[in-house]
Amino acid sequence: MTDPHPRERELIAAARDAARRAHAPYSRFAVGAALLLTDGSVVTGANVENASYGLSLCAETVAVAIASSAGRLADIVAVAVIGGAMDAASHATGSAPVGPCGRCRQVLNEAAQMGGRDLLVICAAAEGEAVDRYALSALLPHAFGPADLGIG
Ligand code: THU
């Protein structure tokens with residue numbers, strides 16, 4: 001998965017825009033995620049932290065929950081993720097791509113298996129041009145999923 005998806009730049013831009021709406025006053029690390037759906041529409045999310053730190057929600061998980069709540073869990077084909085330390089204006093910074101955490105990989109896997117497809121995971125930097133591209137199945141090999149419970 002090394003060729004850019006035709007919507008890649010748009011998805012990265014949407015993830016960067018979503019990160020502007022992160023609620024991350026504790027880590028000061030803003031993350032944005034943009035999901036591409038089968039009909040071409042885009043669903044975004046940003047991390048939502050909590051004063052009880054362990055309750056914080058990752059951007060990818062928020063985005064998947066929004067898509068699922070719209071009845072679109074099985075329609076996700078790609079996700080772009082960006083993240084970086086916030087500057088004084090609360091904008092994400094940094095030139096290194098950020099990948100989904102382990103929990104988010106599992107959350108994305110639920111969407112992938114329910115849709116019967118692998119997902120393209122686009123990991124981009126908050127600033128600059130650096131991009132890494134993966135199949136979700138490469139980031140979470142031998143995944144446990146709905147099929148193991150006879151679902152999907
Ligand atoms: N975070 C995400 O939103 N997604 C990830 O995949 C990794 C981490 C958030 C959680 C927390 O709000 C901040 O980044 C620092 O860990």
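## Cysteines

Cysteine 58 is partly exposed, with a relative accessible area of 29%; buried means under 20%, exposed over 50% and partly exposed in between, with a 1.4 Å probe and protein chains only. The closest cysteine sulfur to that of cysteine 58 belongs to cysteine 104 and lies 3.7 Å away, too far for a bond. A disulfide is a pair of cysteine sulfur atoms within 2.5 Å, and by this rule the count is zero.

Cysteine 101 is likewise in no disulfide, the nearest cysteine sulfur being that of cysteine 104, 3.7 Å away. Cysteine 101 is partly exposed, with a relative accessible area of 32%.

## Basis of the model

This is a predicted model, in which local features need pLDDT of at least 70 and side-chain atom pairs count only at pLDDT 80 or more, while totals for chains, interfaces and linings use all residues. Residues are numbered from 1 along each chain as its sequence is written, and side-chain values use heavy atoms, leaving out hydrogens and water.

## Helix H3

Helices (H or I, at least four residues) and strands (E, at least two) are DSSP runs numbered from the N terminus. Glycine 116 follows H3 and has a positive phi, near 70°.

Cys104, Leu108, Asn109, Ala111 and Ala112 are buried in H3. They lie on the same side of H3, because they cover an arc of only 165° around the axis, taken from the directions from the helix axis to the C-beta atoms. Among the elements covering these buried residues are strand E1 (29-37), helix H2 (59-69), strand E3 (76-85) and helix H4 (136-139), where contact means heavy atoms within 4.5 Å.
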